Every structure is written in structure tokens, then in C-alpha cells.
Amino acid sequence: MTCLHYRDNTLFVEDVALSKVATKFDTPCYVYSRGAIETNWRAFDDALKSIPHRICYAVKANSNLSILNLLAELQSGFDIVSVGELERVLAAGGDASKIIFSGVGKKKDEIRHAIEKNIFCFNIESATEAARIQEIAQALNKKVNVSLRINPDIDAKTHAYISTGLSENKFGVASQDAISMCQHIAAMPSLNLIGIACHIGSQITDLAPFQVALDFLFVTYEELKQLGIQLKTINVGGGLGISYQQEQTPAIADYAKMLTQKTSQYPVEIIIEPGRAIIGNAGVLLTRVEYIKHGQHKNFAIVDAGMNDLMRPALYQAWQHILAVNLHAGKKTTYDIVGPVCESSDFLGKERDLALAEGDLLAIDSAGAYGFSMSSNYNTRPRSAEVLIEGDKMKLVRKREEIQELFSNELQF
Ligand SMILES: Cc1ncc(COP(=O)(O)O)c(C=O)c1O
């Protein structure tokens, strides 16, 4: 569900008109609803309350400090994939003992740093990573919690670039090696094997692949139990989709019910790592129409946000709803909404029917996840400002970058 609504033909996030945000902070600008983030997080927590559970928000979806701080206040855990994300979580007041470190390419320094910070657990993705963590933990004289990420070879039926649970994907260890790997890890003196994990992909709009993954994890759990390895946690990753284009997506409550039904039969804690389902529909990208251009075959609305600000359409042909901030009475025309970046893949939406004029504001809906966090300085464009809304209050939570900052780390030869 979007966090946007019209009042008197003007688009609002909570009780703040987006035109006011643009006047105060200029465009392009990401705008987030604090209420929507909290509602989404609580929806998971409430729906899982009958079983031991841990929600580890996937920091990669949106890592703004204010958002991490809000989640830390809700007692959330965090799923990180780099030491940069670890430091962000700590800077935002997050608790190290609630952090899970995922990712296929953890460097030695990152592992050492995370062990020194006493994070909750590493999700191990290969045999050599297990050996590396063992060696570093031993040198630090620590015993660290680990979980094995398994690649269950399940088709999550999502875009190929965000599918992570197929055998052709780089993530996790092959399912046929899972048992022997767990036995191997369980024998390592500085590792404490607490669980198994999988994350089969993102923007999954059907519960069936989750159910298959969950069943697979519990079959593995049983096999390990027979071998004398008693696990404490089952981590099903993130991946729950949101509705971008009126897709029917499972409700958080139904997803949680599926997890609860299965997990309640076992003495384990369930771990989930949602990102998109918490922040995706809680944010929008606000942009202004700079030029209207009528080409031979197409009409273009050239806006001040580009693929460097919001990469999803260019990267995965993602469709996001685009709304006029102030509704006009004028006739609608079909436009491609494009940015100023010098690439033909620089579009935010194609063939959208809108009544537009130069200077108008547009809101790209459901841009809270993988929006700002994937943005770049391509074309030496400063990354946009970010604003958090609470009721009728708006607060700048990230300043727009200054041009000088963009090359301040560069040295003249
Ligand atoms: C290991 C892991 N956990 C959680 C997530 C979050 O996924 P989503 O934002 O779809 O919930 C990702 C995203 O790719 C991931 O790689």
C-alpha cells in the first residue's frame, strides 16, 4: 500500500504536502513516511508474536541513519552485508548483538571487525569462508555464532537479477553439500553453528516458493538432528514483495502465518530479513519536470531525477507508479518520464498518461527500498536529499550532496 494520498488535488505523505517539501528542500528528493515504516515493521512483529522470532531488517534496502534509528528504537535486528553497513547500524544506535552478517564476499578485515564488535551471527556462504572465520575467531580467542546459508535451488519467480536461490546463483552452499558442511562447521572449535539460512530472492509475490524453502530448511533441520546437530535458528531471509503495479502480493500476516504454522512445531527461533516489505512503500522520489519535449514518435517529460537517483527502472525494467503532485484539469498526454543522464536507459517510467507542464512536480511511488541506497554520482550528479515525515512535521535526514564533495577525494596527478 502506498504512503501517498491526495487532499484537494495535492499529493501528501502523512500530513505534509509534497509541494511544501519541494519548496523547502528542492528536488530531486526522497521522502519517507515514519508512520508507514513503523506500521510495516510492527505488522511482522505482531503476526509472529506466537513464536520465538527475530526481525533483522535488511540494511541494503535503505540505510539512512534516521531510518535505522527508528528501527533500532522498535528493537529491530539488522541484516548487513558489509562493514560499512555495520558501522551505519552502530552509528544509528543499533545493537551489535542483533546483527547478522550476510554476503558471499566478506573480507578478512570485515570479519575481524564484526567479531570484535560482538555481532550476533555470520551467515556463512562457502567452505572457505567458514575456514576464514574460524581462523580469525581463534586468533581473537572468541567463539562466534554462525549459520549456514544454503542455496535450495528454488525458483522464486522474480526478476533474474534479484533471484538468489537458484543453483546458478552465487549465493549459499549447494543443497547437496549442506549436511556435510554443517558437520564440518560444527566440528570447528571457534564456531558455534546455531542455524541454517536461505534467501531465495527479492520482490517475491507468491507464498509458494517461500513455503518450499521453509519445508526444505526443516527437512535439513531434521536430518541434522538425526546426526546429533541441534539447531536453534531457522533463517528464511527476506524477499516478500510489495505491490508496484497492482500486483497481488501476500499480506505480511499471511506470510507470517505460513511461517508460524510450520515453525511452531519445532523448538527454534525463526529469523526473517525483510527489507523491501518494510521500507519500499514507505518512500517516494519527488522530482520536477524541467522540459517537455515532443519527439517524432514520443513525448518526453524530462525530469531532474535520473537513473543515478533511482536505478530500478534501468536495472530491472522495474515499473513504479508516477503521480502528479498537483492535479491539473488539462488534457492527458502519453509521456516517457526520463532523466537528464546521458544514457537511453535513463528512464523512470514509460508511456505514462499525465496532464503535465514544465515546472510540475511528480512523485515516483514506492521508491523507499533500493532507491537512495542504490543511487550513484554518475554524470557527477550529487545524490539527492532525504526527508522523513512524521504527521505534519518534515525533517531533512540527509543533505543533498555538494558538487565539491564529489571530487574532494580525488588527487591531481
Ligand atoms: C541475504 C538477504 N537478506 C535479505 C534481503 C532483503 O530482501 P528484501 O528487500 O527483498 O526483503 C536480501 C536482499 O537481497 C538479502 O540478500
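Predicted model: local features only at pLDDT ≥ 70, side-chain atom pairs only at ≥ 80, totals over all residues.

Q: OK, and where does Ser 202 lie?

A: Ser 202 is in a loop, the one between β11 (191-197) and α8 (207-226).

Q: What does the side chain of Ser 202 make a polar contact with?

A: With the side chain of Arg 276, at 2.8 Å. Both residues are also listed among the closest to the ligand, along with Gly 239, Glu 273 and Tyr 370.

Q: How many residues surround the ligand in total?

A: 14 residues surround it. By type, that shell splits into 3 nonpolar, 6 polar and 5 charged.

Q: Switching to ligand atoms: what lies 2.6 Å from a nitrogen atom of the ligand?

A: An N or O atom in the side chain of Glu 273.

Q: And which residues have atoms by an oxygen atom of the ligand?

A: Gly 239 is one of them, with a backbone N or O atom 2.8 Å from a ligand oxygen. Lys 60 is another: a polar atom of its side chain lies 3.2 Å from an oxygen of the ligand.

Q: How much of the ligand's accessible area does the protein cover?

A: 92% of the 400 Å² that the ligand has on its own.

Q: Last one: which pocket does the ligand sit in?

A: The largest pocket.

Conventions:
Residues numbered from 1 in each chain as written. Heavy atoms only, no water. Near = heavy atom within 4 Å. Polar contact = N/O pair within 3.5 Å; in protein donor to acceptor, adjacent residues only side chain to side chain. Areas by Shrake-Rupley, 256 points an atom, 1.4 Å probe, with all protein chains shown as cover. 1 Å grid on protein atoms, 1.4 Å probe; cavity = no way out; pocket = protein on both sides within 12 Å on 5 of 7 lines; lining within 4 Å. Sits in = over half its atoms within 2 Å of the grid points. Nonpolar A, V, L, I, M, F, W, Y, C, P; charged D, E, K, R; others polar. Helix = DSSP H or I, 4+ residues; strand = E, 2+ residues; numbered from the N terminus.
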